[in-house]
Amino acid sequence: MNLLDIIFLAIALAMDCFAVSIVSGVLTRKEWIPRMAFLFGFFQALMPLIGWIAISFFRQGIEAYDHWLAFGLLLLIGGNMIRESFEPEEEHFFNPLHLRTQFLLAVATSIDAMAVGISFVCTGYDEISQLVLPIIIIGIVSSLFSIVGTRLGARFGKTIAHRLKPELLGGLILIAIGVKILITHLIEES
């Protein structure tokens, strides 16, 4: 993946953080925004590393079809995000002021980033040193999207989440990256 792909990947992963931050922004005081941004960025950066470590031990066994695996994972995650963007918004009572709630939200929104770590193995990231830049970019972008989302939520409330559909945009970006990976590998094989 080139730098532009990594930035688009980071933006796609940050869409869950952005959506949750918009909703949290309605209830969150400004002094809690940095903590939420840090937690979202930290877990979005940590999960790809965990996925990469978990699957890198099995790399030789999946090398022949790794591009299909990366495509499938990104398609699955992106498709799920698109599906969720059209579901009615459920009303859940949560208090984003509590550290426990912020921690759970950060972990929940970063689970899909673990699959991205798996796709890193499939796209040629053989050494942990190669992950430093993507992980930093993912963490920073997620933190920034969390800050912006929280501020937008505090200012404009629930109406902005319905207009932007951040999950839809994130899902489309992930699918596009998956298609690009697949096409690139298929062209290289022929």
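Residues are numbered from 1 along each chain as its sequence is written. In this predicted model, local features need pLDDT of at least 70 and side-chain atom pairs count only at pLDDT 80 or more, while totals for chains, interfaces and linings use all residues; side-chain values use heavy atoms, with hydrogens and water left out.

One salt bridge (a side-chain nitrogen of Lys or Arg within 4 Å of a carboxyl oxygen of Asp or Glu) is present in the structure. It joins the side chains of K180 and D5, with an N to O distance of 2.8 Å. The two partners belong to distant parts of the chain, 175 residues apart: K180 is in helix 8 (residues 166–189) and D5 in helix 1 (residues 3–27). Helices are DSSP runs of H or I with at least four residues, numbered from the N terminus. D5 is buried, at a relative accessible area of 9%, whereas K180 is partly exposed, at 39%. Buried means under 20% relative accessible area, exposed over 50%, and partly exposed in between, for a 1.4 Å probe and protein chains only.

Helix 8 also contains H185. Contacts (heavy atoms within 4.5 Å) link H185 to D66, H67 and C122, not counting residues up to four places away in sequence.

T123 lies in the loop between helix 5 (99–122) and helix 6 (132–156). T123 is buried, with a relative accessible area of 18%. With residues up to four places away in sequence not counted, T123 touches M1, A70 and I181.

Terms used: Helix = DSSP H or I, 4+ residues; strand = E, 2+ residues; numbered from the N terminus.
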